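Let's walk through this one together, question by question. Have a look at the model before we start.

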Amino acid sequence: MTTLGITDGQVLRPDTTVEAADVLIDQESGEILDVEPDIGASADEILDASDSLVMPGLVNAHGHAAMTLLRGYADDKPLEAWLREDVWPVEAELTGEDVAAGTRLAMLEMIRSGTTAFVDMYFEVPDVVAAIEEAGMRARVGHGVVTVGKDDEAAREDAAESIAVAETFDGAADGRVRTAFMPHSLTTVSEEVFREFVPQAREAGVPVHIHVNETTHEVDPIVEERGMRPVEYAREVGLFDPESDQRDFLAHGVHSDSGEVEALAETGGGVVHCPASNMKLASGMAPVQAMLDAGVPVGLGTDGAASNNDLDLFGEMRDAAMLGKLASEDASAVAAPDVVRMATEGGATVAGLPGGRVEPGAAADLAVVGFDAPHLTPTHDHVSHLAYAATGSDVRHTVCDGRVLMRDREVRTLDAEAVRTEATERAFDLVSRAE
Ligand SMILES: N[C@@H](CCSC[C@H]1O[C@@H](n2cnc3c(=O)[nH]cnc32)[C@H](O)[C@@H]1O)C(=O)O
Ligand SMILES: [Zn+2]
């Protein structure tokens, strides 16, 4: 057994209390062996956590990783126009190598800011998986399906590809990669495709991940044409089925009404809240406090870097707290411990991935956050600082599956300069091909 010891720090426990302790990790099984004072110093490898907090690695539970290539390419537009006029024409030119380069850039940014696991809905999944294998992160990945503007055959081919890659790659990278069937949304994928392919996802044993209730443009046509709310329609075509072993999860849920929140709570359907994307695209304010009150599992996501525009979950925690209070007109809503839980255990639960808790037996997916910066002084309350004052660059070390991905702010699994250079070159070339 090779062991990793994280020594001399404070530890964020699952109940969001903080205590001084070392963390001892079995690097072969990737599990936390023990969390106790003075147990780390004899480990094979040591990470210093003095003046620091050891917390669960952050979980970015919704995004489109390779959209880092489009960061800052088209801003200040609403969702539909932004997708149709700017994003989709460029994405039509993407190659597998572009996606790999953009995904590596995303992972470099995520590892540096303490994120150990992410959910990715995008194209060229084999290249995404290869990049994840190399970077050492954990992920749930899938091929996003869009059927609008496609004939029947092309639509079915797109959906079949999503099922096929989900079957092929579930369990890849020593089990760190899991998959899902990923229809893009209830309005960009036809009813026939849901009816034909959701049962195939069930058979393959993978969950479904989809955008729902992101903007009113996604709600109104369903209500008008079908006389039901989007979550009801989703259930009608087989999603959020409490009988299934698989827990489906949706991104956004901004315009969910109380009946839909209730239905999600009853079925165990998870929600990934993406506050920065919702603000930037002026999509609206999700009823997050109502979801938490109802017992809906809620995680946090950045969405793609083109609608955020970074992948720093510390920023997302702050945004979630701020927007949640504004939405509820209540300063006590979406409190600091709630957002810290959403960004860690909540995201892991929603995405169905290990991690999210610092305790014996849990996956050793951890971030060590330095607390010696002026903006984190004095420390009355560690959890308050995580939610309101810390940023991704405060993270010193990142560990996933027991492996040190970043030590002393130096990412070990990716060559930062090479990743930046390749992403820059490919992004410029991509955009010029599309113009
Ligand atoms: N195979 C599909 C691709 C779908 S991938 C997922 C898609 O989600 C898009 N996307 C990114 N951010 C958002 C968002 O906030 N809402 C909805 N879609 C988004 C992204 O640009 C990408 O096209 C096709 O043939 O077009
Ligand atoms: Zn999205």
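Q: Which residues does the UniProt annotation "binding site" cover?
A: Quick ground rules: this is a predicted model, where local features need pLDDT of at least 70, side-chain atom pairs count only at pLDDT 80 or more, and totals for chains, interfaces and linings use all residues. Residues are numbered from 1 along each chain as its sequence is written, and side-chain values use heavy atoms, with hydrogens and water left out. UniProt positions follow the numbering used here, feature names are shortened, and annotations may be inferred rather than shown by experiment. The unreviewed entry's "binding site" takes in His62, His64, His211 and Asp303.

Q: Is histidine 62 buried or exposed?
A: Histidine 62 sits in the loop between strand S6 (58–60) and helix H1 (79–91); helices (H or I, at least four residues) and strands (E, at least two) are DSSP runs, numbered from the N terminus. Buried means under 20% relative accessible area, exposed over 50%, partly exposed in between (1.4 Å probe, protein chains only). Because its relative accessibility is 0%, histidine 62 counts as buried.

Q: Which residue's side chain makes a polar contact with the side chain of aspartate 303?
A: Aspartate 303 is in the loop between strand S14 (298–300) and helix H11 (313–328), and at 5% relative accessible area it is buried. Leaving out residues up to four places away in sequence, aspartate 303 touches His62, His64 and His211, among others (contact means heavy atoms within 4.5 Å). A polar contact is a pair of N or O atoms within 3.5 Å; within protein, one must be able to donate a hydrogen and the other to accept it, and residues adjacent in sequence count only if both atoms are side-chain atoms. The partner, at 3.0 Å, is histidine 64.

Q: How much area is buried between domain 1 and domain 2?
A: The domain assignment, which is automatic or from a database, gives domain 1 (3–57 + 356–411) and domain 2 (58–351). Their C-alpha centres lie 28 Å apart, and 30 residues of domain 1 are in contact with 31 residues of domain 2. Buried area is the accessible area (1.4 Å probe) that two parts lose on being put together, summed over both. Carbon and sulfur atoms give 64% of the total, which is about 2,300 Å².

Methods: Chains lettered and ligands numbered in written order.
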